[in-house]
Amino acid sequence: MTPEWPALVAFDLDDTLAPSKSPLPAPMAKALTRLLATTPVAVISGATFDQFARQVVRPLSALPGRRLDRLWILATCGTQCFRYIDGRWRAVFSELLDERERRAAMSALESSAKRLELWPDRSHGDVLEDRRSQVTFSALGQDAPLALKLVWDPDGTKKERLRDEVTPLVPDLEVRIGGTTSIDITRRGRDKAFGMRRLMAETGIAPDDILFFGDRLEPGGNDHPVLSTGVRCASVRGWEDTLGRIGDLDGRSGGRLPEVRDR
Ligand SMILES: [Mg+2]
């Protein structure tokens, strides 16, 4: 089976396009530039736009021939969308938590983490971050080295305990496991499915005309909700795997996709 060329290709960011919290590796930046020459691209993540700027925008901007006008940045799970219009990045839409929701989320995370002895004595950057549409707890701090993060909670039980402790404290909000060491609080239903639906509404592109790549499509993974949108999904194991899969997506294959291992 050779699927149709998609109208848009969407990607998770961390561990799909780049190592966690790291800039796009040079070969990936080149591959995305080639893809953008023919096809709109969306990148969706729990990260803020500032984080996207460091990880995605800066490496792409350094390359000649890039078509940033074809890039959709869906920050904080698509509650904020940015596009490059008339020479600068603009928010196309954004949905922010109100002051009361943000305060409740921060205090629930802090008190629960302290009670469970998951609050760090010393941290690498902020432990609590107000991302405006999302509040995020990072157990070792936002800027912790990846090697430290990978050993903090390898079986996920610390994050599950913290999520379960925080959930009843903010009944109007949704508490989710984010990345390797993080818990996110948003309005209910603001996961990657919400972001992809928002993108489809904005672009008018049908779900089966979108191909999504993610490294966490398994149940409980932060890409799993995308499966419910009807978007075609391809599971990858790290950015090198993605790179191998999109190497042929740049139009040289005559507008045809290589076979996708859908889940
Ligand atoms: Mg990921």
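## Asp12 and its surroundings

In this predicted model, Asp12 touches Leu17, Val43, Ile44, Lys192, Phe212, Phe213, Gly214, Asp215 and Asp223, leaving out residues up to four places away in sequence. Asp12 is part of strand S1, residues 8–12. Its relative accessible area is 4%. That is under the 20% cut-off, so Asp12 counts as buried. One of its contacts is polar: the side chains of Asp12 and Lys192 are joined at 2.8 Å.

Asp14 sits in the loop between S1 and helix H1 (26–36). Asp14 is buried too, at 19% relative accessibility. The cut-off is 20%. Beyond its neighbours within four places in sequence, Asp14 contacts Pro19, Ser20, Lys21, Gln55 and Asp215.

Asp14 and Asp215 link distant parts of the chain, 201 residues apart. Asp215 belongs to the loop between strand S10 (210–214) and strand S11 (232–235). Both Asp14 and Asp215 are buried.

The UniProt record, an unreviewed entry, annotates Asp12 and Asp14 as "active site". Asp12 and Asp14 also belong to the lining of the largest pocket.

## The annotated binding site

Where does UniProt place the feature "binding site"? The unreviewed entry puts it at Arg131, Ser182 and Asp184. These residues are spread over 54 residues of sequence, yet they cluster in space, with a largest C-alpha distance of 13.2 Å. Arg131, Ser182 and Asp184 are in the lining of the largest pocket.

Arg131 lies in the loop between strand S6 (128–130) and S7. Its relative accessibility is 9%, and Arg131 counts as buried. Setting aside neighbours within four places in sequence, Arg131 is in contact with Lys21, Gly46, Ala47, Thr48, Thr76, Gln80, Thr136 and Gln142. Lys21 is also among the contacts of Asp14.

Asp184 is found in strand S9. It is buried, at 7% relative accessibility. Asp184 touches Gln134, Val135, Thr136, Glu174, Val175, Arg176 and Gly178, not counting residues up to four places away in sequence. With Thr136, the side chain of Asp184 makes a polar contact of 2.9 Å. Thr136 is also one of the contacts of Arg131.

Ser138 is in strand S7. Its relative accessible area is 3%, and Ser138 is buried. Apart from neighbours within four places in sequence, Ser138 is in contact with Asp126, Val127, Thr181 and Ser182. Ser182 carries the UniProt "binding site" annotation.

## Helix H5 and its cover

Which residues of helix H5 are buried? In H5, residues 157–166, they are Lys159, Leu162 and Val166. They lie on the same side of H5, because they cover an arc of only 65° around the axis. An α-helix has 3.6 residues a turn, so residues three or four places apart point the same way.

Several elements cover these buried residues. Among them are helix H3 (99–115), helix H4 (146–152) and strand S7 (135–138). Strand S8 (173–177) and strand S9 (182–187) also contribute.

Note on methods
Residues numbered from 1 in each chain as written. Predicted model: local features only at pLDDT ≥ 70, side-chain atom pairs only at ≥ 80, totals over all residues. Heavy atoms only, no water. Buried < 20%, exposed > 50% of the residue type's maximum accessible area, 1.4 Å probe, protein only. Helix = DSSP H or I, 4+ residues; strand = E, 2+ residues; numbered from the N terminus. Arc of directions from axis to C-beta. Contact = heavy atoms within 4.5 Å. UniProt positions renumbered as here; feature names shortened; annotations may be inferred. 1 Å grid on protein atoms, 1.4 Å probe; cavity = no way out; pocket = protein on both sides within 12 Å on 5 of 7 lines; lining within 4 Å. Polar contact = N/O pair within 3.5 Å; in protein donor to acceptor, adjacent residues only side chain to side chain.
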